[in-house]
Amino acid sequence: MTAFPRTPVLYLLLAIAAGLAAGPVRAQSAVADGQKLAFDRGKGNCLTCHVIKGGDLPGTIGPELKDIKSKYPDRNELVAIIFDETKRNPQTMMPPFGRNRILTEQEISAIVDFLQTL
Amino acid sequence: MKARFFLLLGSVSAALVAFALTSPRVIAADKVDPAADAKAFQDFFFQKFPTVKHDDFVNGPYSMNEDMKRQWQEKEEFPPYEFALDAGKEMFATPFKNGKTYADCFPNGGIGIRQNYPYFDEKEGKVVTLELALNRCREANGEAPYSYVKDEMASLTAYMAFTSRGKPMDIKIPDDPRALAAFENGKRYFYTRRGQMNFSCASCHVQSPGERIRAEILAPALGILNAMPIYRSEWSGMGTTSRRFVTCNSQTRAVPLEPQADEYRDVEYFLSYVANGLPISGPGARP
């Protein structure tokens, strides 16, 4: 509910940030990069466990990744889940991508950009 | 790590405590109790999958998925492991250069004994697997040992498993502190997370059997060795228990051990003991 009115502000902030860096092209490419990282078997390999729109041969160990923005309006929550989900759930199967350095901070950030489009 | 380990073992520990409290024998609270562990382990799977017939767990991924099971049953008319079985039978009957045969190394001439492996050797103080015993037999007769992960070893174990098909797994733990320690060590290895992905064997085969990991359906840990060795299309050939352990470790970016390293022998002891009573189904075929 609260996510909705906040969305335009987020966009605005994103647009400003993007504008400061390299123009709107960058935000676009972060999403594309994020998708690539998420699907890449040597990197995120998120499809091993999650159904994700646009990905082939998904596994069923984790929940389908969809409506992410309404479920996790705060991107920091998503960063935290990818960085080390064992903090939230010690028994989870999800690998601690940040803690175990499977993904860098920038890579996690790009994946979060992509997740927010789902 | 410890806390997580015990969380996962929750049901097993609870059963252990319950057993300790109700057992007529006086046992210390921390005593290793394989029989109670095995019961808790089996009950966990029986309760998690109430519609799977108990003897069916030995069919790995096929026990978890009806469609796959049907395809597999059709394939069983011309099983892809047949060539290995024939080769193994012939190898088994062919004398070594010194005139002896494999039959001379094993109880009952090696026929119908797969369900007793691995066993704890009280002289050596360690677990002896069937693969290890086969290579020791070769070396004792002046022959070079086979690779633990390749076709010859798979053929021999395929034949020996086949002669035991349907016999219930029957692993003994002698009253020897070293045997209990081996069991406990195997259990610890099985439940400990490792590698960059932070998986334990249990993450995949206790927490997630029946789930798809990419395109593969995960086999349940209960009876997971009863079908070994297995043919896999992905391997375009046969694989031994050693090969499967090494593959599961390396595919999850954990450092694999040497085949037949003490810890792998102990894991095999643990997994086989908790499958006691379930039939040998090997050799198996996987998609």
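Reader: What does the accessible surface of chain A come to, and how much of it belongs to carbon and sulfur atoms?
Author: The accessible surface of chain A is about 7,100 Å², with 61% belonging to carbon and sulfur atoms, the areas coming from the Shrake-Rupley method with a 1.4 Å probe, where for residues only the protein chains shown count as cover. This is a predicted model, in which local features need pLDDT of at least 70 and side-chain atom pairs count only at pLDDT 80 or more, while totals for chains, interfaces and linings use all residues. Residues are numbered from 1 along each chain as its sequence is written, chains are lettered from A and ligands numbered from 1 in the order in which they are written, and side-chain values use heavy atoms, with hydrogens and water left out.

Reader: How many helices and strands in chain A?
Author: Chain A has five helices and zero strands, counted as DSSP runs numbered from the N terminus (helices are H or I with at least four residues, strands are E with at least two).

Reader: And what share of chain A is buried?
Author: Of the 118 residues in chain A, 42% are buried, where buried means under 20% relative accessible area, exposed over 50%, and partly exposed in between, with a 1.4 Å probe and protein chains only.

Reader: Switching topic, how many disulfides over all chains?
Author: A search of the whole structure finds one, a disulfide being a pair of cysteine sulfur atoms within 2.5 Å. Cys105(B) and Cys137(B) form it, with their sulfur atoms 2.0 Å apart, and the link is right-handed, with 75° about the S-S bond. The pair links distant parts of the chain, 32 residues apart, with Cys105(B) in the loop between helix H5 (82-93) and strand E1 (119-121) of chain B and Cys137(B) in helix H6 (residues 130-140).

Reader: Are those two cysteines buried or exposed?
Author: Cys105(B) is partly exposed at a relative accessible area of 34%, whereas Cys137(B) counts as buried at 3%.

Reader: Where does Arg193(B) lie, and which side chain of opposite charge is nearest?
Author: Arg193(B) lies in the loop between helix H8 (177-191) and helix H9 (201-205) of chain B. Arg193(B) is buried yet has no salt bridge, the nearest side chain of opposite charge being Asp84(A) at 7.8 Å; a salt bridge needs a side-chain nitrogen of Lys or Arg within 4 Å of a carboxyl oxygen of Asp or Glu.

Reader: What does the side chain of Arg193(B) reach at 2.8 Å?
Author: The backbone oxygen of Thr92(A).

Note on methods
Lys, Arg positive; Asp, Glu negative; His and termini not counted. Polar contact = N/O pair within 3.5 Å; in protein donor to acceptor, adjacent residues only side chain to side chain.
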